[in-house]
Amino acid sequence: MHIRRYFRRSRAAVTLLSLTALLVSGCSADEPADSAGSTAVAALAALPQATPSALSPYYGQKLRWRDCGVPGFQCATMRAPLDYAEPGGGDIRLAVARKKATGPGKRLGSLLVNPGGPGGSAVGYLQQYAGVGYPAEVRARYDMVAVDPRGVGRSEPVECLDGRAMDAYAQIDTTPDDQREKTRLADAYQKFAEGCGAHAPKLLRHVSTVEAARDMDVLRAILGDRRLTYVGASYGTFLGATYAGLFPDRVGRLVLDGAMDPSLPARRLNLDQTAGFETAFQSFAKDCARHSDCPLGGKGAKPARVGADLKAFFRRLDAHPIPTGDRDGRKLGEALATTGVIAAMYDESTWEQLREALASAIKDNDGAGLLGLSDGYYERGPEGRYANLMAANAAVNCLDLPTAFGTPEQVEKALPSFEKASPVFGEGLAWASLNCAYWPVAPTGAPHRIQAKGAAPIVVVGTTRDPATPYPWARSLASQLASGRLLTYVGDGHTAYGRGSACIDSAINAYLLRGTPPAKGKRCS
């Protein structure tokens, strides 16, 4: 999965770049796409309740809080073992931030937040949104806390390519027309993987979700909380569910918003997500056709016409990229344009911006708007530097699951199923699923169910037209969890909390503040 979210200052922006990756990577490379996920998988086993003595120095450490340079927030650095199997083999240092409860009311403890990715900075999310944008009554009662997972943001980040090389990587054609272009695409994935291996050979073996979840338990103890209270979005739901599976007796109030299904192999995850983006695009197409400025078919156009016009536009860009006014000379080709469109699928509030960007590109030969959407997705700054979002995203995904496809030939065989799932995006997303084939570190994870028997109620939130974490994933995770409680948002966009539904927000607030989970089968719009 690639990841996508904007870290602009708005809530919509934060959602875009904190969740999901574009394509999750995983599953056996030899597994037929139509059978992916059909075999039974084992459940994640809980760890012993007693903390091993070798980990006591980590669990007993004291944080030295200091000013963050952001008013109201404090920062610290915590230590965790690089390898939990060999705690004496060296440490990894993780960035932590908090904003203390503002009152009034009795303090309820710490509320840990994670925006997803994998690769989204939880510290950045806390400072830019959660610590100032979560409901005032929640911030009044909880210390708002975040830790950048290992390999992410300020926590010894994985690095792969410099800015110029990342620019080239982002522009590689993911809908190859001939053998030469297929070879170029495979070479690009290999160069990216080799860059990651060269910069962080040891770290790459220890950025798994299981290890990040164990880090969260160390932080829980350091903060003095008997149980973990947590809100995770997108990939953050996988992280939170993994914590619950490992430490069910330490689960407090967990909210998993925009849920992933840990039981599915990578190819199935990628195929489901491809269908999810098509569902979101169909909603956008219907909305576009309601406006006189719709550049794809015009007002009143059928969704099929909107999709056909977009594909035709992509094909034109593949042959003839258009100017963007970019100071580094980048033009808008098919790859960047597709990324820009996909980025806008995360939040319906960006659809107007997407219409305008498409109109400028199609009618005025100006690709600046779509390039801006793409840069937001990749977290590319105006000076040409990238955050480590994409590097960390690949590092975690490629470690958590075996690659979806091992060779270009396997992708070609699966193309019909991906194009059926999404006539607009299927081909490109199928080829994007090849990204872990050349990874320098063997995967340590595999698909598994998470039951978390004995845990307190866990609220799983699913949005019916979520592009990046399709609604069936939320249903599946809620059914796997012994104490799962599904909360459904009938609507568009990625994740639901804090996106405008009073019904969703009040249900989650009631759980966080009073411990009252939503009624079974509760649906909101």
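I began with a loop: Asn 365 sits between α12 (351-364) and α13 (368-378). I looked up its backbone and found a positive phi of about 60 degrees, even though Asn 365 is not a glycine. Before going on, I noted that this is a predicted model.

Is Asn 365 buried or exposed, or partly exposed? Its relative accessibility is 43%, so I put it down as partly exposed.

Next I followed the chain past α13. Glu 379 lies in the loop between α13 and α14 (389-400). Glu 379 also has a positive phi, about 55 degrees, and it is not a glycine either. I checked its cover too: the relative accessible area is 16%, under the 20% cut-off, so Glu 379 counts as buried.

Then I went looking for cis peptide bonds. One joins Gly 103 and Pro 104, with omega about 5 degrees. Pro 104 is in the loop between β3 (91-99) and β4 (109-114). Another cis bond runs from Gly 117 to Pro 118, with omega near -10 degrees. I found Pro 118 in the loop between β4 and α3 (122-133).

On to the inside. Nonpolar side chains tend to be buried together in soluble globular proteins.

I took a closer look at Val 460. Leaving out residues up to four places away in sequence, its contacts include Leu 256, Ala 259, Ala 474, Leu 477 and Arg 485.

Last, I stepped back to the whole chain. I counted 18 helices and ten strands. The C-alpha trace spans about 60 × 50 × 45 Å along its principal axes. For 525 residues a compact globule would have a radius of gyration near 24 Å, and the chain has 22 Å, so the two agree. Of those 525 residues, 62% count as buried. Among contacts between residues at least 6 apart in sequence, 74% join residues at least 24 apart.

Terms used: Residues numbered from 1 in each chain as written. Predicted model: local features only at pLDDT ≥ 70, side-chain atom pairs only at ≥ 80, totals over all residues. Heavy atoms only, no water. Helix = DSSP H or I, 4+ residues; strand = E, 2+ residues; numbered from the N terminus. Rg over C-alpha atoms; globule rule 2.2 N^0.38 Å. Buried < 20%, exposed > 50% of the residue type's maximum accessible area, 1.4 Å probe, protein only. Contact = heavy atoms within 4.5 Å.
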